[in-house]
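Please read them alongside the structure.

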Amino acid sequence: MPDLPHLARRQTLKFLASAPLLPLGASSALLAACSTPTTSSAAEYVATTFTSMPAPTLADAAAMATTTVSSTLNVHYSDRSIKSYRLAYQPFFITGEQVADGKGGKILSGGYFDINNKAIIDRSIAGMERQIFSDAPDGTSLLSLANPTVSNIKGKAVFAVVQFEYTTRDQLGAASGKNNAYGTLPSPIAVLTLDQDQGNGKLGLVKYHNVDTSSVHGLWITCGASLSPWNTHLSSEEYEPDAQFISDNPFFKKFSKNLFGDENKANPYHYGHLPEVTVHPDGSGSIKKHYCLGRISHELIQVMPDHRTVLMGDDYTNGGFFMFIADKEKDLSAGTLYVAKVGAGFSVDPTAPGAALSWIKLGHARSAEIEKLANTLKPSDIMSSVKTDPADASYTKLYADGIANWVKLKPGMERAAAFLETHRYANLIGASMGFTKMEGTTVNIKDKIAYSALQNIQSSMVKNNPAWNPASGITVDKAIVAGGIFAHKLTGGQRDNSGAAIASEWVPVQTRALLIGEDIAADALGNLANPDKIANPDNLKFSEKMRTLFIGEDSSTHVNNFLWAYNVDTQKLVRIMSMPSGAEATGLHAVDEINGWTYIMSNFQHAGDWSGKLHSKVKNTLDPLIKANYNDRFSAAVGYLTADPAQPKLSKT
């Protein structure tokens, strides 16, 4: 937001907080009137608000079975004029569609490839063989480059990187009603070249490039993502395969078979790290994997404005809050890894002051040296882990993913454990390993506040739960299945547990509840959480200019998952989009400006993924509609929020 006089800004915020929002039924004539400047076009941007949309119901079943948007984006200017945009959703493609490869041919969108870049074929039903494609697009970044060289561009070239987390089931699984493909395929990642119309800002797909991941051993369950300050796509590898008990993991054997053609070839220590994709001017992309940011359940991470400090949630039960500080700006290949210790006062009450955070140093490393350790060490070389009490005082009891482990570190293996067995090592050195599913993290730069989504507040966070450790400092009296969002105060001048200075001005020093969901008994539609509050937040992105925290849900408690906008100044929460029932909101990315236009990227995954009690009242009605919309539930959408007739702009030109 432009620097305005303090009094003027305060008056503007007071006006925005009290001004009536446009009714959802506003006519196009009213919207047109609101869109007409009343004074000089030199008026400055002041703020953005959104009108809320209602949650769809079975009164309009079609709206529950697709992406539904009936919200309005309102841009406020210093002359008190308002430009309003009626929002809509525009897919680039539905996965499984053949799209342009930029070479005069076609490629299967969301398609899976092995380590040799050969298509992976679904052979589950004889005579119906086809390349497997994803129903789970996830993390997406939108970016521009100075001198693109892609041909067939009529406007300006804009690029998006999109990754695909998994596919839910093969054709036999669909026929038998089983979900049997999760975690068994190497995740694809693609660069999209988009043609940005300079008249209206709309984006059209002209090229789809599948990134070759063979140099990084393939990818494992890529989930959320973020755009780095240096314009690269920071991916993720979620739910790292548990190397200590990998022989018990049937998914990993299938993953190895699909990737390498050999169920015993994949090395679990090569997965659970941070991939980074660089987009090239010709619309291609290259990838590297950083092995020094901890082997955890990486989700959507956030790099701070210093281009060195990285905040990382941990999508895990008995998870931690992690921080990495790179040795050099714009280079994540070497640095120091920390994990948080939570002080007294942890609370899910948004009116409470919250709890102090201090930081334990896990170690310093270079990516190349950790990859070398991953190549050469077996799990038993690093530590001994068992799931039954060995009655041996040299073992330490801890909890890993909700399950009791007894662990003994081998002599001299501290560095290897810190970066390859990060969860267990963090437990051993006294970190607060008690969070459940800390997912996306984002930053409000102006206020120096970071936000993290806790998809659930349950299990290891709940007093006297079998996975709870009171020493973590993370305790609530009762589970909140609907989860919540926590805000972290950031500052400098901090020291780690050894007394050494932490070389960053962006260190979290306090955490407090910001928004908390509300569990309810099933309502008339089947919702198990209040549909007018957030539930199971996952993706988070903050827009500096709009002063808005965007929130995407991965809910086991809302019949339809929603995309929300929360203005941190007015503290208003507004529903702006509904996903198909059973689908998760993914791929969230808020872009204040590319060539003058504003974008909110959003995907969804696994539409019609029905869940017992939650969907019992809607499944029979919605299942045939979703199957018709999304290729018998094998497909999902990659796209963005747009407006008619033009893409939103925050400037008044």
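1. Strand β33 (residues 572-578) is mostly covered, with five of its seven residues buried, where buried means under 20% relative accessible area, exposed means over 50% and partly exposed lies in between, for a 1.4 Å probe and protein chains only. β33 pairs with strand β32 (residues 562-567) in the antiparallel sense over six bridges, and K572 in β33 is the bridge partner of N567. The two strands form a hairpin with four residues between them, and in the turn Q571 has a positive phi of about 60°. Strands here are DSSP runs of E with at least two residues, helices are runs of H or I with at least four, and both are numbered from the N terminus; two strands count as paired if DSSP finds at least two bridges between them.

2. This is a predicted model, in which local features need pLDDT of at least 70 and side-chain atom pairs count only at pLDDT 80 or more, while totals for chains, interfaces and linings use all residues. Residues are numbered from 1 along each chain as its sequence is written, and side-chain values use heavy atoms, with hydrogens and water left out.

3. An open sheet is formed by six strands in the order β1-β2-β3-β36-β35-β34, with antiparallel pairing. β1 (45-51) and β34 (584-594) stand at its edges with a single partner strand each, so one side of each is left without a neighbour in the sheet. On average, neighbouring strands of this sheet are turned by 25° against each other, direction ignored, the axes being lines fitted to C-alpha atoms (for helices over the stretch in contact) and angles running from 0 to 180 degrees between N-to-C directions.

4. Within this sheet, strand β35 (residues 597-605) and strand β36 (residues 637-643) pair in the antiparallel sense over four bridges, and the partner of S602 in β36 is G639. N74 lies in strand β2 (residues 72-77) and counts as buried at 3% relative accessibility.

5. The largest pocket has a volume of about 820 Å³, a volume being the space filled by probe spheres set on grid points that are joined across faces, edges and corners. On a 1 Å grid over the protein atoms alone, a pocket is an open set of points with protein on both sides within 12 Å along at least five of seven lines, whereas a cavity is a set where a 1.4 Å probe fits but cannot get out; lining residues have an atom within 4 Å of a point. Of the 38 lining residues, Y182, Y239, E240, Y316 and D401 are the closest to the centre of the largest pocket. Helix α9 (422-428) and strand β24 (403-409) each supply at least two lining residues, and α9 gives the most, with three.

6. The second largest pocket holds about 480 Å³ of space, and of its 21 lining residues the closest to the centre are L227, Q302, I445, F542 and A590.

7. In helix α11 (residues 619-629) the buried residues are L622, D623 and I626. Seen down the axis of α11, these buried residues fall within an arc of 110°, so they line one face of the helix; the arc is that of the directions from the helix axis to the C-beta atoms. The face of α11 turned away from the buried side carries the exposed residues N620 and A628.
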